[in-house]
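Try each task before you read its solution.

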Amino acid sequence: MTKILSLTILLLAIMPTFAAVKDTPHAVKTLEIYKTIIEIPTVAGRGKVPEMAAYLAKEFRAVGFQDEDIQIIPTGETVGMTVRYQGNGSVDKPILLLGHMDVVEALDKDWERPPYKLAQDDKYFYGRGTIDNKLGITMLSSTFIRLKKEGFVPNRDIFLVFTGDEETGMVTTKMLANERPELANAEYALNSDAGGGDLDKTGKAIAYLVQAAEKTYVSFELTLRNKGGHSSRPRPDNAIYELSTALLNIRDYHFPVRWSDMTREFFKVSGAQLGGELGKAMTAFADDPSNKKASDRLEIESSFVGTTRTTCITTMLKAGHAENALPQSATATVNCRIFPGVSVAQVKQRLQKVVKNDAIEFVTLDTPVESPISELRDDVMGAIKKAVHARYPDLQIIAYMESGGTDGKHFRKAGIPTWALSSAFMNPDEMFAHGLNERLPKKTFYDGLDHWSIILKELTGK
Ligand SMILES: [Zn+2]
């Protein structure tokens, strides 16, 4: 074999499978939107979200969306945005499609490439937002444009609902979830900002995950005060020692095991897939969540403990005011991720007992959002299956509970069941959302081009 021939064969072998779809008008338009919005730095404080919304509005108008169906709602320096795809009215309640337009700050000097330029090599697209969540905004927007061009008429209204400060205050999220009568009546929402497929290191698909619940995020500040004094005249009462003892009591406390149909199903399917000793513990927990041996085993796994119970952990400390003085106060921040169905008040009361020190003052930081689990429905699951199995036949689809936080919790709280189902398939090791050098495998960008249109046609095309 000549060198050139073997080189050609090698190139063909490693040539990405997406070469064929890359030049379709839908792929070209999608990439154009992706590039344009990644290059608008929609970070809190820079006031750039309105520019991004205006650009998207122009794209929607260009394919025939009417002005009155495109709403840009100013909120401080940012905006929320909705786009209505009018249906034929055979079904009353609309469906919402969620995404967020803002991104987490990225500093030029820390990145290998400029974060607000879409860069690419053979395998990846690079830039802030390539995953979180400009991929979602891009895919939802280009799907609307494509369906409009095809002349598709859904059986009900579909709304794009784009927030403008998901990564910071979620003020636009709360406004869109609670103050827009045209959205309040929605039957459910599909979120582009979480969920998606897991790949192993070789690129083989392991499972597709649908986010169906989020834990409640809350932090408490625990403060102990003391009259202090000179450090040359120590006394047994000491704010730092006493607070430390309280924190060790929290460390040693185990919140009771909790479960739902969804988390049991999650462990049943994941356990069967994972196998081995840990997989067995998952299966045993799924069979019987009161099996203490199984829940104890899962509790020591940082990836799974959050799916078995509420967790609270000390994350910050500040205490004392001078090297040579007895501390007049000591404060710790304790961050909790609360299982749906348990209230913030219940957890606070529990911690107040656990610390065994009535002198400790508890302050709840911010306003926590408690949201219910959205149990999956057959029609939505069927549509997800159709889209996922078009790419990965027979792949397992699993609902899960997020320990972090997305816009979805505000919609769930407002009574709109919400599931997150990103088009992306990634190896978790490639996940750099929020971090340095955020990137997306090009294969999953191109393979995911039909994801949302398959789902929408399935749900609203009959
Ligand atoms: Zn996000």
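**Exercise 1. Locate Asp366 and describe its phi.**
Step 1: Asp366 sits in the loop between strand 15 (361-364) and helix 12 (378-391). Helices (H or I, at least four residues) and strands (E, at least two) are DSSP runs, numbered from the N terminus.
Step 2: Its phi is near 55°, a positive value in a residue other than glycine.
Step 3: Most residues other than glycine have a negative phi.

This is a predicted model: local features need pLDDT of at least 70, side-chain atom pairs count only at pLDDT 80 or more, and totals for chains, interfaces and linings use all residues. Residues are numbered from 1 along each chain as its sequence is written, and side-chain values use heavy atoms, with hydrogens and water left out.

**Exercise 2. Which protein atoms are donors of the zinc ion, and how are they arranged?**
Step 1: List the donors (N, O and S atoms within 2.8 Å of the metal, or 3.2 Å for Na, K and Ca). They are His100 (NE2), Asp132 (OD), Asp193 (OD) and Asp193 (OD), lying 1.9 to 2.5 Å from the zinc ion.
Step 2: Check the angles. The four donor atoms subtend 53 to 141°, so the arrangement is irregular. Four donors count as tetrahedral if all angles lie between 85 and 135 degrees; four count as square planar and six as octahedral if opposite donors are over 155 degrees apart and all others between 65 and 115; anything else is irregular.
Step 3: Read the spacing in sequence: H-x31-D-x60-D. Asp132, in the loop between strand 5 (124-126) and helix 4 (134-150), and Asp193, in the loop between strand 7 (188-191) and strand 8 (196-199), are 61 residues apart and link distant parts of the chain.

**Exercise 3. What kind of peptide bond joins Asp132 and Asn133?**
Step 1: Omega is about -5°, and the bond is cis.
Step 2: Asn133 lies in the loop between strand 5 and helix 4.

**Exercise 4. How do helix 3 and helix 4 pack?**
Step 1: Helix 3 (residues 49-62) packs on helix 4 at about 20°, with the axes 10 Å apart. Axes are lines fitted to C-alpha atoms, for helices over the stretch in contact, and angles run from 0 to 180 degrees between N-to-C directions.
Step 2: The two helices are therefore roughly parallel (under 35 degrees).
Step 3: Met52, Leu56, Glu59 and Phe60 of helix 3 meet Lys134, Ile137, Ser141, Phe144 and Ile145 of helix 4. Contact means heavy atoms within 4.5 Å.

Definitions and conventions: Angles under 35 degrees count as roughly parallel, over 145 as roughly antiparallel, 65 to 115 as roughly perpendicular and the rest as oblique.
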